[in-house]
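Subject: Structure handover

Hello,

Here is the structure we spoke about. Please open it and keep it in view while you read my notes below.

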Amino acid sequence: MRDDLVLSVRDLSVTVHSDDGPAKILDHVNLELRRGEIMGVAGESGCGKSTLIRSILGILPHGAHSVTGEIQFCGENLLSMPQRRLEREIRGAAIGFIPQDPYLALNPVFTVGDQLLEILRWHGMPGESSDRRYTRSVRARHRERIIELLDAVQVPDARNALDRYPHEFSGGQRQRLLIAGAIACQPQIILADEPTTALDVTTQLQILKLLKELAARFDVSMLLVTHDFGVIGQLSDRVTIMYAGQTAEYGPTGEIINDPRHPYTQMLIRCHPDRSDELIGIPGQVPVPVSPPSGCRFHPRCPAALDICSAARPPLLYGEADRQAVACVLYSEIVS
Ligand SMILES: Nc1ncnc2c1ncn2[C@@H]1O[C@H](COP(=O)(O)OP(=O)(O)OP(=O)(O)O)[C@@H](O)[C@H]1O
Ligand SMILES: [Mg+2]
């Protein structure tokens with residue numbers, strides 16, 4: 001894996017057993033996350049964004065019977081890492097996770113302090129030996145660390161917040177608590193799956209601003225799943241567009257938003273309310289993974305489809321090194 005990368009997903013495919021037969025939810029997905037960057041991940045509902053995030057965390061969908069490819073993180077393939085190490089060292093520790101709904105993610109019957117302390121108890125504080133005993137002084141040290149984290153995510157009156165229950169916090173404050181949990185163990189990556197969709201617009205903005213500040217302050221890379229191209233434009237350095245479990249296109253945010261190449265990306269961006277006064281949609285629907293169209297999965301909905309599009313799956317075509325990559329035959333001339 002290149003030195004500037006913190007995560008490299010190569011040809012990741014995930015197939016599950018469903019009632020209607022095998023369903024390939026992810027099909028040769030490729031993604032590279034560089035150190036310190038925020039990568040937006042967009043695509044319609046059902047395109048596999050959450051499955052990708054969960055696969056990186058080692059939480060495979062129910063019924064998953066075939067997982068192939070590689071998820072390289074710090075020189076190791078997470079797909080072949082023993083479950084125990086994944087749970088102790090990676091999931092929620094070296095790779096932090098921020099869920100979509102802060103109302104559901106906290107347990108209502110435990111205090112905020114107990115829930116955040118549990119993270120440090122399970123994974124250990126950065127620099128702590130893994131065979132430590134959980135003594136009073138360790139717990140006191142963990143408490144101080146949690147208070148620092150709550151200050152960092154701007155939860156008011158951090159010291160007293162520890163003894164309060166989740167219902168005493170607003171949605172935005174709860175999301176701050178979850179962000180504190182995600183950064184508690186000094187992760188190298190944060191995976192955020194639509195972290196603001198459950199919040200009102202002003203609170204969304206505050207949380208997104210906080211995420212951007214924290215990513216820079218703690219030098220964390222971030223994969224940010226969102227449907228909102230406004231958010232992508234403001235926060236992310238690069239974007240990956242997924243369609244029906246495949247990577248359709250990726251590249252620097254400015255290029256993808258101002259000069260999208262894949263017809264799917266073009267239509268997806270045109271649907272964004274900021275881009276048009278009319279309500280525009282993409283005709284048709286994302287295919288179900290159990291019976292995807294042959295060739296390019298987008299071809300039945302694509303206004304630019306050619307005969308060849310139904311015959312073979314287009315490979316990801318790379319333009320200039322490190323810039324846009326697109327899986328569409330219309331761009332076969334950009335192969336380097
Ligand atoms: N365990 C499973 N068994 C069968 N199909 C599944 C399973 N988990 C997910 N899927 C299917 O995989 C596809 C991708 O789902 P996923 O939740 O990853 O999409 P998404 O892009 O995150 O969508 P959204 O934007 O709505 O959150 C969907 O068609 C979904 O129904
Ligand atoms: Mg999702």
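First, a term you will need. A crossing of two helices is right-handed if the near helix is turned clockwise from the far one by less than a right angle, and left-handed if anticlockwise. Keep in mind that this is a predicted model.

Now the helix pair. Find α7, residues 171-183, and α8, residues 201-217. Their axes come within 10 Å and cross at roughly 15°. Angles under 35 degrees count as roughly parallel, so α7 and α8 are roughly parallel to each other. The crossing of α7 past α8 is right-handed. On the α7 side, the contact uses G171, G172, Q175, I179 and I183. On the α8 side, it uses T203, Q206, I207, L210 and L214. Sorted by class, the contact residues are five nonpolar, five polar and no charged.

Next, the strands. β1 and β2 run antiparallel, joined by 10 bridges. A hairpin of two residues links β1 to β2. Look for V14, which sits opposite L26 in β2. β1 also pairs with β4, residues 64-73. That pairing is antiparallel too, with eight bridges. Here S13 faces T68 in β4.

Last, ligand 1. Which residues come nearest to ligand 1? They are S45, K49, S50, T51 and P61, out of 17 around it. Elements that give two or more residues to this shell are β1 (5-18), β2 (21-34) and α1 (49-56). α1 gives the most, with three residues. The shell around ligand 1 holds seven nonpolar, nine polar and one charged residues.

Best wishes

Definitions and conventions: Residues are numbered from 1 along each chain as its sequence is written. Chains are lettered from A and ligands numbered from 1 in the order in which they are written. This is a predicted model: local features need pLDDT of at least 70, side-chain atom pairs count only at pLDDT 80 or more; totals for chains, interfaces and linings use all residues. Axes are lines fitted to C-alpha atoms, for helices over the stretch in contact, and angles run from 0 to 180 degrees between N-to-C directions. Helices (H or I, at least four residues) and strands (E, at least two) are DSSP runs, numbered from the N terminus. Angles under 35 degrees count as roughly parallel, over 145 as roughly antiparallel, 65 to 115 as roughly perpendicular and the rest as oblique. Two residues are in contact if their C-beta atoms, placed from the backbone, lie within 7 Å. Ala, Val, Leu, Ile, Met, Phe, Trp, Tyr, Cys and Pro count as nonpolar, Asp, Glu, Lys and Arg as charged, and the others, Gly among them, as polar. A residue is near a molecule or strand if its C-beta atom, placed from the backbone, lies within 6 Å of it. Two strands pair if DSSP finds at least two bridges between them.
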